[in-house]
Amino acid sequence: MTRTAPEDRTTPQRRPHLPLRPLWLCRVCAGPWPCPVARLNLRQEYADDQIALSIYLCTVLHDAAADLYRLNPHDGPDPAALFIRFLGWAAPVRGGSSGAGQASRRAGSR
Ligand SMILES: [Zn+2]
């Protein structure tokens with residue numbers, strides 16, 4: 001294994017974009033987690049298992065909602081906004097399902 005060169009300290013993209021709990025802000029870019037980089041990393045990590053990604057994000061949403069409502073019990077985040085933030089971005093694109101439906105119908109007619 002190679003040691004990290006001193007110059008690598010200037011490349012922030014090498015640090016993982018993980019959530020800072022209980023605020024649920026990115027530890028690198030300080031934006032609401034999952035930030036765009038974290039979403040990209042999650043899509044790559046779960047590229048072969050969309051269901052596992054959804055289950056993981058459901059767990060994260062549950063934990064984040066508990067943390068954020070504990071921090072702001074009277075002015076907590078909007079549930080719909082939380083859902084979109086943690087799960088909505090990972091939903092499969094609807095437009096892509098029509099092609100798959102045609103393919104399965106064609107395969108079933110034979
Ligand atoms: Zn980030």
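Where is the place of L61? L61 lies in helix 2, helices here being DSSP runs of H or I of at least four residues and strands runs of E of at least two, both numbered from the N terminus. The structure is a predicted model, in which local features need pLDDT of at least 70 and side-chain atom pairs count only at pLDDT 80 or more, whereas totals for chains, interfaces and linings use all residues. Residues are numbered from 1 along each chain as its sequence is written, and side-chain values use heavy atoms, with hydrogens and water left out.

L61 is buried, with a relative accessible area of 16%; the term buried applies under 20% relative accessible area, exposed over 50% and partly exposed in between, for a 1.4 Å probe and protein chains only. Leaving aside neighbours within four places in sequence, L61 is in contact (heavy atoms within 4.5 Å) with L82, F83, F86 and L87. One of these residues, L82, is 21 residues from L61 along the chain, and the C-alpha atoms of the two are separated by 7.3 Å.

In helix 3, the buried residues are L82, R85 and F86. They lie on the same side of helix 3, because they cover an arc of only 80° around the axis, the arc being that of the directions from the helix axis to the C-beta atoms. The cover over the buried residues of helix 3 includes helix 1 and helix 2 (50–71).

The largest nonpolar core has 19 residues, of which W24, W33, L42, L53, L57, L82 and F86 touch the most other members. Such a core is a set of buried Ala, Val, Leu, Ile, Met, Phe, Trp, Tyr and Cys residues joined through side-chain atoms within 4.5 Å. Helix 1, helix 2 and helix 3 are the elements that give two or more residues to this core, and the largest share, seven residues, comes from helix 2. L53 touches L42, Y46 and A90, not counting residues up to four places away in sequence. In soluble globular proteins, nonpolar side chains tend to be buried together.

Four aromatic pairs are present in the structure. Rings of Phe, Tyr and Trp (its six-membered ring) pair if their centres lie within 6.5 Å, and planes under 30 degrees apart count as stacked, over 60 as edge-to-face and the rest as tilted. One of the pairs, W24 and W33, is tilted, at 6.0 Å centre to centre and 50° between the planes. W33 and F86 form another tilted pair, at 6.5 Å centre to centre with 45° between the planes. The latter pair links distant parts of the chain, 53 residues apart: W33 is in the loop between strand 2 (25–26) and helix 1 (36–45), and F86 is in helix 3 (residues 79–86). W24, W33 and F86 form one aromatic cluster. W24 counts as buried at 3% relative accessibility, W33 has a relative accessible area of 2% and is buried, and F86 is buried at 0%.

The zinc ion is coordinated by H17 (ND1), C26 (SG), C29 (SG) and C35 (SG), at 2.0 to 2.3 Å. Donors are N, O and S atoms within 2.8 Å of the metal (3.2 Å for Na, K and Ca); water is not among the atoms, so sites may look incomplete. The spacing of the donor residues in sequence is H-x8-C-x2-C-x5-C. The site is tetrahedral, with angles of 102 to 126° among its four donor atoms; four donors count as tetrahedral if all angles lie between 85 and 135 degrees. The ideal angle at a metal for four tetrahedral donors is 109.5 degrees.

Not counting residues up to four places away in sequence, H17 touches C26, V28, C29, W33, C35, V37 and A38. A38 lies in helix 1 and counts as buried at 3% relative accessibility. A38 and H17 are 21 residues apart in sequence and 5.4 Å apart in space, C-alpha to C-alpha. With neighbours within four places in sequence left aside, A38 is in contact with H17 and W33.

Terms used
Tetrahedral: all angles 85-135°; square planar, octahedral: opposite > 155°, others 65-115°.
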